[in-house]
Amino acid sequence: ETRDFRSPRDVDGHGTHTAGTVGGRRVANASAIGGFAKGIATGGAPNVRLAIYKVCWPVPDQSLAEGNACATDDILAAFDDAIADGVHVLSISLGSLPQSTYYTENAIAIGSLHAVKKNIVVACSAGNDGPTPSTVGNVAPWVITVGASSIDRVFSSPILLGNGMIVEGQTVTPIRRRRLHPLVYAGDVEIRGTTASNTSGTCLPGTLSRHLVRGKVVLCLNNVRAASMEVKRAGGVAAILGNPFNEIQVTPFLDPTTVVFSYSLATILTYIRTEKNPMATLVPGNTLIGTKPAPVMASFTSKGPNVVDPNILKPDITAPGFNILAAWSEASSPLKMPEDRRVVKYNMQSGTSMSCPHVSGVIALLKSIHPDWSSAAVRSALMTTCNSVLLCFSSKIEFLDNYLFFLQNFSQTFVKFTLAAATINNVVGRPIKNATGNDANPFEYGSGHFRPSRAVDPGLVYDATYTDYLLYLCSQNISLDSSFSCPEKVPTASNLNYPSLAIANMRGSIRTVTRVVTNVGKDNSTYVLGVRSPPGYVVDIVPKSLHFSKLGEKHSFNITIIRAKSSVERRNEFSFGWYTWSDGVHVVRSPIAVSSP
């Protein structure tokens, strides 16, 4: 009780940030500390009613920055309360790496199944354990699993070197303009014996020599807050931190600090090595809107394949979760560390915890427009709609007044791009990249970066019921409802009526699965098939067209995956493709992932 309130009041900041992203009211002149990202802040659904269930609590003798504890019984109790209270949407920005007992012991998996039984839509974070494969969490097929990607905004803070060269850097740390100071590399100013060959230059706590650092700018190899604090402890005037990825996750450091890309770090290190008296100063940062390309997958976003059942493709979708400004608890501090005594109303955070409530806010709006839609229909609408960047750019932003969407986090250009459902392309029309600069794939973004406005009118949806999920659990030899008995012939996991298709370890040369789509678009419509087969396979879908005479009408089709005779794909590696249904107005797109043993 000395660390927290026995109520939903927030001493951490995380809950305030996620709740504000879902339903915060519009606030003018909101900004991070130092005035970064200044503008109008708004949640996704500003008029939504919020019910907050606190399930995570501080750990004794541990700072908030080191994490907290979210007990299984607290999580299940929150699901019970939320279901009893009659909520429509559950936004769950927590999770863990799934284990083999996921479906029988994971509180979110079990609780969300009970919620979906009551037609509550559940959105969950994918996790922050990327870029390692097979780390995606919250993989139950009855929840919407959300990855994290960037937006079109950076916080530029260049470094001016003594030779006049300007090197790109980024920060949201307030910096006053200073004169040039001596510049040193951390590996050259360490206390002897405090580092090994693989840790030298990383500014680990207690490694820098006060005698060699005092009054200098220090170049460190890694981008962690402890490195900035170590430079300060040793008497340095500023820190330059290296970042190995092609996006920089900013932090409001306590002391003058900026972060550079690896190529810029190499440039600065070369300057130090070749200049007799290297000097540098940090230039105060500013906010830049409209940067390209965007979005880019965040380095930390957890990736597939789904370790519990790779026949369910996860994550489902990606949304903004990188350097997101939202409300913050004044009982906390920007860094959530005892050394940080600053108080702010808004703070910058990154994580799939931030991307999940973006989707949850949109779900609340969709449920208000389509209250009769099932949880599966809502997920399908978000995942499958619109795969053409040009088509999406031409759409007008007329979806609701509420879709003056996250103006603090998006420039007007990016809002125009954002409001049109899931896409696999960035704002320049090229494939979305991951944090290492390679083309991302469905194990990173699922169906793509979400763009909500076309989800209101998706044309077709892949629906599923509570019974369908129980049948799916039968395929896993699991029973979570004693009133339901598994049939003698159990459908395979890949036959769950899901908006994406994954077939793992396909034995033999051919596999056929079935999907059913429901018409929610217009009467008397005909949808025509489009397919891009995964390399090494041929996808044959029958029939090639679907005609609907009325709303609510359902049609099934068979998807046959054939391993090509000339296939040279590597064993156990997934190959990706997609298929679409289009009536000339709607484009209903589904990703495909296939692997063979």
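Tutor: Start at Gly577, which stands opposite Ile592 in E28. This is a predicted model: local features need pLDDT of at least 70, side-chain atom pairs count only at pLDDT 80 or more, and totals for chains, interfaces and linings use all residues. Residues are numbered from 1 along each chain as its sequence is written, and side-chain values use heavy atoms, with hydrogens and water left out.

Student: How many bridges does E27 share with E28, and in which sense do they pair?

Tutor: Eight bridges, antiparallel, between strand E27 (residues 575-582) and strand E28 (residues 587-594). Two strands pair if DSSP finds at least two bridges between them. The elements are DSSP runs numbered from the N terminus: helices are H or I with at least four residues, strands are E with at least two.

Student: Which strands form that sheet, and in what order?

Tutor: The order is E21-E28-E27-E23-E25, five strands in an open sheet with mixed pairing. Strand E21 (501-503) and strand E25 (545-548) are at the edges; each has a single partner strand, so one side of each lacks a neighbour in the sheet. On average, neighbouring strands here are turned by 20 degrees against each other, direction ignored. Axes are lines fitted to C-alpha atoms, for helices over the stretch in contact, and angles run from 0 to 180 degrees between N-to-C directions.

Student: Now the four-strand sheet. What is its order?

Tutor: E5-E6-E7-E17, open, with parallel pairing. Strand E5 (89-92) and strand E17 (317-320) each have a single partner strand, so both stand at the edges with one side left without a neighbour in the sheet.

Student: How many bridges join E7 and E17?

Tutor: Four, in the parallel sense, with E7 spanning residues 144-149. Within that pairing, Gly147 stands opposite Thr318 in E17.

Student: Which strands do H4 and H9 lie across?

Tutor: Helix H4 (residues 107-117) lies across E5 and strand E6 (121-125), at about 155 degrees to E6. Helix H9 (residues 375-384) lies across E6, E7 and E17, at about 50 degrees to E6.

Student: Switching to packing. How many residues are in the largest nonpolar core?

Tutor: It has 39 residues, and those with the most contacts inside it are Leu90, Tyr103, Val122, Trp142, Tyr469, Tyr472 and Leu473. Such a core is a set of buried Ala, Val, Leu, Ile, Met, Phe, Trp, Tyr and Cys residues joined through side-chain atoms within 4.5 Å. Buried means under 20% relative accessible area, exposed over 50%, partly exposed in between (1.4 Å probe, protein chains only).

Student: Which elements give two or more residues to this core?

Tutor: Helix H2 (72-85), E5, helix H3 (102-105), H4, E6, H9 and helix H13 (466-475). H4 gives the most, six residues.

Student: What is Tyr472 in contact with?

Tutor: Beyond its neighbours within four places in sequence, Tyr472 contacts Tyr103, Pro141, Trp142, Asp309, Ile312, Ala493 and Leu496. Contact means heavy atoms within 4.5 Å.

Student: Back to H2. Which of its residues are buried?

Tutor: Ile75, Ala78, Phe79, Ala82 and Ile83. They sit on the same side of H2, because they cover an arc of only 130 degrees around the axis. That arc is taken from the directions from the helix axis to the C-beta atoms. Their cover includes strand E4 (68-70), E5 and H4.

Student: And which exposed residues are on the face turned away?

Tutor: Asp73, Asp80, Ala84 and Asp85. After H2 comes Gly86, with a positive phi near 85 degrees.

Student: Let's move to E11. Is His181 buried or exposed?

Tutor: Buried, at 9% relative accessibility. His181 lies in strand E11. Not counting residues up to four places away in sequence, His181 touches Gly215, Val217, Val237, Pro278, Met279 and Ala280. Strand E11 (residues 181-185) runs antiparallel to E15, joined by two bridges. There, Pro182 stands opposite Met279 in E15.

Student: Last one. Where does Pro284 lie?

Tutor: In the loop between E15 and strand E16 (286-289). Pro284 is partly exposed, at a relative accessible area of 26%. Leaving out residues up to four places away in sequence, Pro284 touches Ser156, Ser157, Ile175, Arg176 and Arg177.
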